[in-house]
Amino acid sequence: MNRLLSRSVPMLCSAVPGLPAPCTTLTEDEKMLQSSVREFALQHVQPRVLKMDEAAKMDPVVIQEAFKAGLMGIETPADLQGSGMSFFGSILAIEQLARVDGATSVMIDVQNTLVNNIFFRYANAAQKAKYLPRLAQDTIGCFCLTEPSSGSDAFALKTRAEKKGDSYVLNGSKIFITNGGEANIFLVMATVDPSKGYKGITCFVVDSREQKGVSVGRLEHKLGIRASSTAELNFDNVVVPAENVISEVGKGYKIAIEILNEGRIGIASQMVGIAQGAMDATMPYLFQRKQFNTAIGDFQGMQFQYAQAAMEIHAARLMVYNAARKKDNGEAFVEDAAMAKLFASQVAERTASKCIEWMGGVGFTKEYHVERFYRDAKIGAIYEGTSNIQLHTLAKFVKDRYAQK
């Protein structure tokens, strides 16, 4: 199997002994990863992106090639058929994919930063050995939390898991599930006892090869990231063995909160990639298009605008990379992740909007891709924690620093 990704886990070293390196300093392996994923996106995704967006469906070839390239198990250890890299490696890959297509980027993002990471952090050895090789080689997974009655209030969920002998019987529905249309491994949050509130929520592995009763309902017809499936999933009397509980009964709330903190760095990276992709698609045009015998990119009013956008993209990238490095180093990163997601989503939407304006009439057409980046950017303020949720999280950190104890 030809893989783009190195199996080594690089250590970031400073050029000056004793001094930490900038968070943007990449090891040789990380540079190779970044370049390889960029090449993958241009070769396999870009030629298909318009048709995928119009059809609102991921091309199976893109999925197959992503598995072949090792992109579906970036952090999975080599002995479990993965690429054996770091969380930061996943962030680099997500960014480079989003420069071409936000939908492909989020498919790979969710597989790595949510699904695989739940197995890394909370699954037992038998669960890791059973599921991680499949997730790295040929099987898409999804994270099933959101329900019609539980969005930002995620733990108001209604999906039940009733204990019967050595198994649990799951009943309920989930909505807005990324990768739900293609997934065969489902990480389902369900409550074993509604009277316990969040302490009853438990994470179950549902494998469609072994468990019956899982069905895909409505596939959402979306503004952006259209090729990424966003599905309603129904669980009707799904019998799940007790051995499929991740961690412990009642620990689902802890798993969800902690894994979404990590996932937000992935979404922030996607937003940086979308912003950069919009700039990549726009800037050459500004120096080809002339008005009043001058390239429009040479007018000072334009220069100030794209300089501002470049600065904001760079700042967002610094925030994302710093949060990812801190996560890999075992440092506290929740505040950094919230800041990165909030700011990067704002930058992506603002940059893509400006790019359409800079290109004028052609920017409003599909030919130059910029309007797609604009549509894809909007979701950054919504999924894996809305912008208001990020502000709420940040406000708590600020208050803790200043309020009298």
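Select Gly360 to begin: this residue follows helix α9, and its phi is positive, near 70°. Helices here are DSSP runs of H or I with at least four residues, strands are runs of E with at least two, and both are numbered from the N terminus. The model is predicted, so local features need pLDDT of at least 70 and side-chain atom pairs count only at pLDDT 80 or more, while totals for chains, interfaces and linings use all residues. Residues are numbered from 1 along each chain as its sequence is written, and side-chain values use heavy atoms, with hydrogens and water left out.

**Helix α9**

Now select α9 itself. Its 26 residues should span 38 Å at 1.5 Å a residue, and its end C-alpha atoms are 38 Å apart, which agrees. The expected span is 1.5 Å times one less than the number of residues in the helix.

**Helix α5**

Move to α5, residues 102-122. How far apart are the end C-alpha atoms of α5? They are 28 Å apart, in agreement with the 30 Å that its 21 residues should span at 1.5 Å a residue. Centre the view on Asn116 to find a kink of about 35° in this helix; the bend at a residue is the angle between axes fitted to the seven residues ending there and the seven starting there.

Buried means under 20% relative accessible area, exposed means over 50%, and partly exposed lies in between, with a 1.4 Å probe and protein chains only.

At the N-terminal end of α5, select Asp101, which caps the helix: a side-chain oxygen lies 3.3 Å from the backbone nitrogen of Ala103. Gly102 is in the helix and counts as buried because its relative accessibility is 0%. Leaving aside neighbours within four places in sequence, Gly102 is in contact (heavy atoms within 4.5 Å) with Ile225, Gln270, Ile274 and Asp376. For a view across the model, draw a line from the C-alpha atom of Gly102 to that of Arg401: the two are separated by 36 Å and lie 299 residues apart along the chain.

Thr113 is another stop in α5. Is Thr113 buried or exposed? With a relative accessibility of 0%, Thr113 counts as buried. Its side chain makes a polar contact with the side chain of Asp109, at 2.7 Å. A polar contact is a pair of N or O atoms within 3.5 Å; within protein, one must be able to donate a hydrogen and the other to accept it, and residues adjacent in sequence count only if both atoms are side-chain atoms. An α-helix has 3.6 residues a turn, so residues three or four places apart point the same way. Not counting residues up to four places away in sequence, Thr113 also touches Phe87, Ile94, Ile259, Glu262, Gly263 and Gly266.

**Aromatic rings**

Display the rings of Phe, Tyr and Trp. A search of the whole structure finds eight aromatic pairs. Rings (the six-membered one for Trp) pair if their centres lie within 6.5 Å; planes under 30 degrees apart count as stacked, over 60 as edge-to-face and the rest as tilted.

Select Tyr198 and Tyr253, an edge-to-face pair at 4.6 Å centre to centre with 70° between the planes. Tyr198 lies in the loop between β4 and β5 and Tyr253 in helix α7, so the pair ties together parts that are 55 residues apart in sequence. Tyr198 is partly exposed, at 41% relative accessibility.

Continue to Tyr285 and Tyr368, which also form an edge-to-face pair, at 5.6 Å centre to centre and 70° between the planes. Tyr285 is in helix α7 and Tyr368 in the loop between α9 and α10, 83 residues apart. Tyr285 counts as buried at 12% relative accessibility, whereas Tyr368 is partly exposed at 28%.

**Two strand residues**

Most residues other than glycine have a negative phi. Phe176, in strand β3, has a positive phi of about 55° although it is not a glycine; its relative accessible area of 48% makes it partly exposed. Asn237, in strand β7, also has a positive phi of about 55°, and it is exposed, with a relative accessible area of 53%.
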